[in-house]
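Work through the exercises below with the model open beside you. Try each task before reading its solution.

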Amino acid sequence: MDTELLLTFLTVARSGGISAAAKALHRSQPTVTERLQKLTQQVGEPLTMRSGRGIRLTPAGEALLATAQRLRDVVDEFDDIVLRRQRLQNGVLRIAATNTVANYFLPQRLVAFQRQFPDVELQLRGGVIDWSDISLSDWDLFFLEGGLDLEGLPSYYTVTPWLHDEIMTIFPEGHALLAQDELTLESLMSYPIIWRERASGIRRSVEQVFRDAHLMPKQSIEVTGVEAVGAAVDAGLGIGFVTAAALRHRKDWRVNVRRLPSPHGIQWTLYMARPQPIYQSHTIQAFLQFLDADAVHTSGTAVALPR
């Protein structure tokens, strides 16, 4: 049935007449009368009858009144939900990210976003190493350390660059190489290297630089996560590679930092997977706009997000 007919009937019953209902609905009297007639035809018996200058309900109209009121309540609830979501007074933002992104690139941005939209619930799953371990449908946005990390995304998702950052080489304090005036990648070959896990975007970027230089480090130690790399180098186990953002946050690491290969170092890019605009909730749209406008809480060089 046409719900508008039942809601019009409710207004007529509440206001006590066609004229008053027309004013309340901002409709003409013929329009209100037509809707009432259509509903009467659907029910199959009269719903109202004249009473002085107004109307009163028939037994059929009385029987329909409670149902019309419940429909009014549901419509009002629907309107309230839509309005609250449009104003971001309701909503959930679900983000899955790798270890490095979750630890060093997202926290400040999420805090600033929640200050602006305190009624939005934030859910963050960090430390994702193998994307096949999580249910992609349970999350809205994905932050990656490589453009091809994530397989099985729905066709309406796109993967685009998000931030540019630099990978720095870190040495334990007092390391023998630090006495050299000029360090090269070749200089590292005789010393243990602390590697991230194989799925790490940092590791893949560094390995590619070594391959381009036709070098293959022979001694290596593998750990999981940027924190483990910093701790291992701090302890003197070897030379490691971490994002510049981590070094800005972890000033407590007792390490020496160098840019290798000189002079430009190793540049890398973080990526984001997000649904196409037609599939974005109000919450997702607001967060993407927030990231696009972000110029204060930055731990890297932001990439303008395509619309």
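The exercises cover confidence, domains, helix packing and backbone geometry in a predicted model.

**Exercise 1. Confidence**

Task: Find which elements have the lowest and the highest mean pLDDT.

Solution: 
- Start with the whole protein. The average pLDDT is 88, and 92% of the residues score at least 70.
- Go to the elements. Strand β12 (residues 301-302) has the lowest mean, 56. Strand β9 (residues 239-243) has the highest, 96.
- Now check residues 303-307. Their pLDDT is below 50. Beyond near neighbours in sequence, this stretch has 16 contacts in the model.

**Exercise 2. Domains**

Task: List the assigned domains, then state how far apart the centres of domain 1 and domain 3 are.

Solution: 
- Read the domain assignment. Domain 1 covers 3-88, and domain 3 covers 165-267. Domain 2 is given as 91-163 + 269-299.
- Take the centres over C-alpha atoms. Those of domain 1 and domain 3 are separated by 72 Å.

**Exercise 3. Helices α1 and α3**

Task: Describe how α1 packs against α3.

Solution: 
- Get the geometry. Helix α1 (residues 3-15) meets helix α3 (residues 29-43) at an angle of about 110 degrees, and the axes lie 9 Å apart.
- Classify the angle. The range 65 to 115 degrees counts as roughly perpendicular, so α1 and α3 are roughly perpendicular to each other.
- The crossing of α1 past α3 is left-handed.
- Name the contact residues. α1 supplies E4, L5, L6, T8, F9 and V12. α3 supplies V32, R35, L36, K38, L39 and Q42.
- Sort them by class. The contact has 7 nonpolar, 2 polar and 3 charged residues.

**Exercise 4. Helices α6 and α10**

Solution: 
- α6 passes α10 in a right-handed crossing.
- Name the contact residues. On α6 they are R109, L110, A112, F113 and Q116. On α10 they are T283, A286, F287, F290 and L291.
- Sort them by class. This contact has 7 nonpolar, 2 polar and 1 charged residues.

**Exercise 5. Backbone exceptions**

Solution: 
- Recall the background. Most peptide bonds are trans, and most residues other than glycine have a negative phi.
- P261 is in the loop between β10 (255-258) and β11 (266-275). P263 also lies in the loop between β10 and β11.
- H26 lies in the loop between α2 (18-25) and α3.

Notes
Residues are numbered from 1 along each chain as its sequence is written. This is a predicted model: local features need pLDDT of at least 70, side-chain atom pairs count only at pLDDT 80 or more; totals for chains, interfaces and linings use all residues. Side-chain values use heavy atoms; hydrogens and water are left out. Axes are lines fitted to C-alpha atoms, for helices over the stretch in contact, and angles run from 0 to 180 degrees between N-to-C directions. Helices (H or I, at least four residues) and strands (E, at least two) are DSSP runs, numbered from the N terminus. Angles under 35 degrees count as roughly parallel, over 145 as roughly antiparallel, 65 to 115 as roughly perpendicular and the rest as oblique. A crossing is left-handed if the near helix is turned anticlockwise from the far one by less than a right angle, and right-handed if clockwise. Contact means heavy atoms within 4.5 Å. Ala, Val, Leu, Ile, Met, Phe, Trp, Tyr, Cys and Pro count as nonpolar, Asp, Glu, Lys and Arg as charged, and the others, Gly among them, as polar. Domain bounds come from an automatic or database domain assignment. pLDDT is the predictor's confidence in each residue, from 0 to 100.
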